[in-house]
Amino acid sequence: MAASQPFSVALQGGLDKASNALELLKTPGKATTLTNFEVSTKGGYRRINGYSQFGNGTRPNSSNDILGLKVYADGVVACSGTNIYFSQTGNSWLQINKASVSGSGDNHTAFTGRSASARTSQSKAHFAIFEGDTEYGELIITDEGSGAKPFYFKMTGTDSDITNRTFFAKEITVSGTHFPKFCVIHDKHLVVAGAATAKNTIFYSGTSDIDDFTSSGSGSIVLDDQVVGLKSFRDELFIFCRNSIYKLQNINNASTIAIVPVTKNVGCVDGKTIQEFAGDLIFLAPDGFRTVAGTARIGDVELGTISKSIQPILNSIFDSTIVQEYSSVVIRDKSQYRMYYSSSTASTASSKGIIGTLTSRGFEWSEIEGIQAPAVTSGFNASDIEKAFHGDRDGYVYNHDTGNSFNPAGSETNIHARYQSPDFDYGDFGTLKTLDHVKVSLFPEGTIEPKLKVRFDYDSADRPQPADLTINAQAPSIFGDSGTLFGTSIFGAPEQPLVRNTLIGSGHSNFFNIFSNDVKAPYTINGLYINYRPSGRQ
Amino acid sequence: MATTYLTLANEALRELNEVTLTASNFSSAVGIQAFVKEATNRALNDIANQEPQLPFFAVAASGGTDPFYGNVTVETVAGTRWYLLKAGSSSITTDYASIDWDDFYITTIGVSGESAPFVSRGLKFMSLSDWRRYRRDRENADDADTQNHGEPRYIIRSPDHRKFGLSPIPDKAYNVHFYAYAKPTELSAYDDAIALPDQYASVVLARIRYYVHQFKENIQQAAFALDDYKKGMRNMKSNLINPQPKNMTDDRIYF
């Protein structure tokens, strides 16, 4: 019998939809399908966490869409319907879009008794926090409905009981007729832009006077293009337009303040995709994800994108006649940028997203399916703990990226995760290979039972394909881990086991597909070790 | 229960670490699975070619016409020399695979209208060349003239191997009993059973492995499989063809 030969692959490189089959032979660690997996910064591909209901699942405003979320103070602010709400626990929501609030602040009783300051035609909301010298900072909210003025909210008081806090709320007048859509705090100014009546104008407030657009240091600038997003980055304000990008410099110096074009060839698809991440601004351009620092450095032509490997996915989004709604978030402890997209009528199951993880090799990508997140946020709360939330079109707010299952409307749902390798040719496409066994290197975070599918010759219909196998791995018990319990945890289980599965079948090439559709714990697939026997060149 | 086509093919596939077939996809097998199916029929033919008179290839059980143990009976016609070995067979492709030419028996027992004393004797095989040299001309002359014919004493084989001839040409009806072996039926459906007892399925399997390892260019494994096959054939032949006590036979009584 021909001597068996080893072949090992460390999984890295993320999803690659752009390379052809032969190119992928050279990069076996990449994935041709990577859905509901994320590229782990520790190496390998990790099945994503699920999401759980925030608190007991009480909705801020019935079944009205969640239009925006922002981590604020020790809770989260949610925009829904024509209102804005705040909650610490998710069990109850305090409406904060109140009118006639005292300039010196209202106590809880007075505040809740105020009439609503309706957010007419409220649509996707944008937030800016001016940290200032208050406990939680001052929150500015604009929305893309452009039917209401920017809204100002501030809460003071550190008592954990919200009824013992003081509330400030008001609308900010930028101009009597302009209701800007986008807002950002930049160098002691509130900058707003994108009003339906002045799409190409940015307005900036007075210096350290964010609620006054007439005081010293305030002004406005008219651009060539329509603004779709704003982002303060280092000492400059980046202004994302539909077909161009500008930066505002020297906002505090009336004599040198200037708008400098960064590029007039590349615009931003949607301001909701802009995030500051890993020292750059990342945004979705019409030709893929780009970073602003890279754009600025390279110039205005031949801009390098960071998402070439998933370009076909982005093309399908752009080419679709369906209007997508975008949202994005940064999961800092995972070095992740996530963009969610779905149409306004898409079901939760069909809603999708893209995860970009920054690794030592650059951005590596994967997909999400089954999370409807038209609004998503992450940030550090008053206790400096990073929190992430998302909201859906049924009005629910969820703890984002947590747990072992999806929980739309509180209904536990499987996470259908799928990883598929490129076809492996083991160095010679012409030789028939009979597979002996595979050892899957895993890091289970609990008891898991993913399935292993092997398909030969690009899943050729001319070749019988073997049945799926189950990969069984026990949860490791790690000393000191809070989840390691005497009498429950299995001691002696390896932390990163190599699970061996005997294989059958032969072909000139084959791919591996590891998938799970359950509510079991996440797991990381580190790599594959395959033993095979060359079996001629028939 | 005899080993089926599917069982045998899957045993071979499992041994080769290949995906096995099922009843539902058996008929549409492709690739190595289809090759194993083909190799199975080829292996059965190899066994039949090497030892066509293995008992499980017999066309029928012996002793069908007791007390005679032949499994085929042909009734002669007065004045007719040549008879098809397999009645109704249209060509050599459908004839019997092998005939025990040393075991033809002629009798009037059981022939309509015959009564004791009966003719009952073995027929001696005579080669065609001997028959042509010593008996043909005389028998043909008799047949064309007086047509006395006679009681057959010799059995001869037609040059195309499809008929047996009697010498002399029969003068009346006799029953000729002989032993014939069939060609192995080509396996087709997944539940077709092989002719061999399960005990000897490994011989077929060894031959299949021989072919498949050749297909996979694994010469060493093919050589091992061939060795297994040869050993299996030796054992099968020893067990099934020559199981009787060893003794010497002097058949000069026939001369």
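**Figure 1. P464(A) lies in a loop of chain A, between β35 (451-456) and β36 (469-470).** The model is predicted: local features require pLDDT of at least 70 and side-chain atom pairs count only at pLDDT 80 or more, while totals for chains, interfaces and linings use all residues. Residues are numbered from 1 along each chain as its sequence is written, and chains are lettered from A and ligands numbered from 1 in the order in which they are written. Strands (E, at least two residues) and helices (H or I, at least four) are DSSP runs numbered from the N terminus. P464(A) counts as buried because it has 23 C-beta neighbours inside 10 Å; the term applies if 20 or more other C-beta atoms lie within 10 Å of a residue's own, whereas 12 or fewer make it exposed and values in between partly exposed, with C-beta atoms placed from the backbone. Apart from neighbours within four places in sequence, P464(A) is in contact with V19(B), L21(B), N25(B), A29(B), G31(B) and Q33(B). Two residues are in contact if their C-beta atoms, placed from the backbone, lie within 7 Å. From P464(A) to D425(A), the separation is 39 residues in sequence and 18 Å in space, C-alpha to C-alpha.

**Figure 2. Chain A and chain B meet through 17 residues of chain A and 16 residues of chain B.** On the side of chain A that touches chain B, the classes are 6 nonpolar, 7 polar and 4 charged residues. Here Ala, Val, Leu, Ile, Met, Phe, Trp, Tyr, Cys and Pro are nonpolar, Asp, Glu, Lys and Arg are charged, and the others, Gly among them, are polar.

**Figure 3. I368(A) lies in strand β29 (residues 362-369) of chain A.** I368(A) is buried, as 22 other C-beta atoms lie within 10 Å. Leaving aside neighbours within four places in sequence, its contacts are N36(A), I48(A), K352(A), G353(A) and I355(A). H416(A) is 48 residues from I368(A) in sequence, and their C-alpha atoms are 9.6 Å apart.

**Figure 4. Helices α1 (residues 5-15) and α5 (residues 201-215) of chain B cross at roughly 50 degrees, and their axes come within 10 Å.** The axes are lines fitted to C-alpha atoms, for helices over the stretch in contact, and angles run from 0 to 180 degrees between N-to-C directions. α1(B) and α5(B) are therefore oblique to each other; angles under 35 degrees count as roughly parallel, over 145 as roughly antiparallel, 65 to 115 as roughly perpendicular and the rest as oblique. From α1(B), the contact involves L8(B), E11(B), A12(B) and E15(B), and from α5(B) it involves A201(B), V204(B), L205(B), I208(B), R209(B) and V212(B). This contact has 7 nonpolar, no polar and 3 charged residues.

**Figure 5. Chain A has 4 helices and 40 strands, and chain B has 6 helices and 9 strands.** Along its principal axes, the C-alpha trace spans about 85 × 60 × 40 Å in chain A and about 70 × 40 × 35 Å in chain B. Buried residues account for 49% of the 538 residues of chain A and for 34% of the 255 residues of chain B. Among contacts between residues at least 6 apart in sequence, 59% in chain A join residues at least 24 apart; the corresponding value in chain B is 68%.
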